[in-house]
Amino acid sequence: MSGKIAQKIHMVDTKGQYLKIKDQVDAAVLEVIDSTWFVGGPVVKRFQDNLAKFLGVNYVIPCANGTDALQIALMTLGLKPGDEVIVPAFTYVATAEVIALLRLKPVMVDVDPDTFNVDPAVLESALTENTKAIVPVHLYGQCADMAPIMDFATKHNLYVIEDNAQAIGATYTFPDGRKQKAGTIGHIGCTSFYPSKNLGAYGDGGAMMCNDEKLAKELRMVANHGQSIRYYHDLVGCNSRLDAIQAAILDIKLKYLNDYSDARNAAANFYDKAFANNSNLQIPVRAKNSDHVFHQYTLRVKNGKRDELKKFLEASNIPSMIYYPVPLYKQKAYQEHWTTDKTLPATELLSEQVISLPIHTEMNEDILAHICETLNSFF
Ligand SMILES: *Cc1c(COP(=O)(O)O)cnc(C)c1O
């Protein structure tokens, strides 16, 4: 029985989430306007300090967006044209884009088909004398396996820059039981406050995280035209700022981030139960050393009918997304960095099998049950 549902179903419900905190948000935004301190200033500082406390990291350096965060991280580490940076081939383009933009060489590696994250076992095969850094991505809300990645990086003297645009608030557990938040484990962590991200602003925003004082100072300088004293430019930098209105909104939403993660997990658990016995689907595999904040709830469709399923859902007014349909090395702009005719098997498989379902902080059981029933009726 696949009944009708009155509500429109959204991939992300930023409006419903806003309505629950509207009074606080509206007041905070008006306060910034009244202060006329639109860029930088006390509100940005307050948010940056609160986020550092939440993550358990020494320094948070805000910037304009997640892509800038990655770019500023690479600029600050002083990498030179031709230096190689290892990235997963199954990720959002921004991860590799900034590498190519800085005339570094993105070296694309395969991921684990179960966790969707970079497979530490393949790092060795990507290593050359020009390798300088690794950018693991915590895809869909779950940490890449950071312990072996950090061991590998230490052994070969590489920088680790975490792309944590999708997993803010997730926690990684090391083999010795030590816990650290995603984005605070490598030399630099980068995140995005794009509206649909787990900690989303009402516009663009991003930040870098690090524990090293000198590095933090340089990141801050590079984000600000290479200056720490105004009009004295010691480094070639860029202009990348978080504005105070976004910081005020993010500071309010940060207080709810754990609740938001819980709500996403509740939705994911509902989906898991509904699809566990569907042999055509693989539900998200929970990594043994990370919790999950479900930026996306991503299934693998194993009977070759992923695209048909997507059309079927669309016809039933259920939105879904394919993150990501094309391996990076098959993208026109990145083919020059891929000089073999080999392909990466897990990346290929996932680009054909994955489908992400609606998940956000405002899901309810009626909507979830409707989506699950409709989806299961396809098979
Ligand atoms: C969103 C995202 C980014 C880029 O963030 P923006 O704020 O949109 O620039 C980078 N990497 C990943 C994995 C992302 O999901």
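**Close-up views of a predicted model**

**View 1. Cys190, a buried cysteine.** At 1% relative accessibility, Cys190 is classed as buried, because buried means under 20% relative accessible area. The model shown here is predicted.

View 2. A disulfide is a covalent bond between the sulfur atoms of two cysteines. The count in this model is 0 disulfides. Cys190 takes part in none. Its nearest cysteine sulfur belongs to Cys63, 7.5 Å away. For a disulfide, the two sulfur atoms must lie within 2.5 Å.

View 3. Is Cys238 buried or exposed? Cys238 counts as buried, with 18% relative accessibility.

**View 4. The shell around the ligand.** The ligand sits in the second largest pocket. Residues surrounding the ligand include Gly66, Thr67, Tyr92, Ala94, Val137, Asp163, Ala165 and Ser192. How many residues of the shell are nonpolar, polar and charged? The shell divides into 4 nonpolar, 5 polar and 2 charged residues.

**View 5. Polar side chains at the ligand.** A polar side-chain atom of Gln166 lies 2.8 Å from a ligand oxygen. For Lys197, a polar side-chain atom is 3.1 Å from an oxygen atom of the ligand. In Asn65, a side-chain N or O atom is 3.5 Å from an oxygen atom of the ligand. How much of the ligand does the protein bury? Taken alone, the ligand exposes 380 Å², and the protein buries 91% of that.

Notes:
Residues are numbered from 1 along each chain as its sequence is written. This is a predicted model: local features need pLDDT of at least 70, side-chain atom pairs count only at pLDDT 80 or more; totals for chains, interfaces and linings use all residues. Side-chain values use heavy atoms; hydrogens and water are left out. A residue is near a molecule or strand if one of its heavy atoms lies within 4 Å of it. A polar contact is a pair of N or O atoms within 3.5 Å; within protein, one must be able to donate a hydrogen and the other to accept it, and residues adjacent in sequence count only if both atoms are side-chain atoms. Accessible areas come from the Shrake-Rupley method with a 1.4 Å probe; for residues, only the protein chains shown count as cover. On a 1 Å grid over the protein atoms alone, a cavity is a set of points where a 1.4 Å probe fits but cannot get out, and a pocket is an open set with protein on both sides within 12 Å along at least five of seven lines; lining residues have an atom within 4 Å of a point. A molecule sits in a cavity or pocket if more than half of its atoms lie within 2 Å of its grid points. Ala, Val, Leu, Ile, Met, Phe, Trp, Tyr, Cys and Pro count as nonpolar, Asp, Glu, Lys and Arg as charged, and the others, Gly among them, as polar. Buried means under 20% relative accessible area, exposed over 50%, partly exposed in between (1.4 Å probe, protein chains only).
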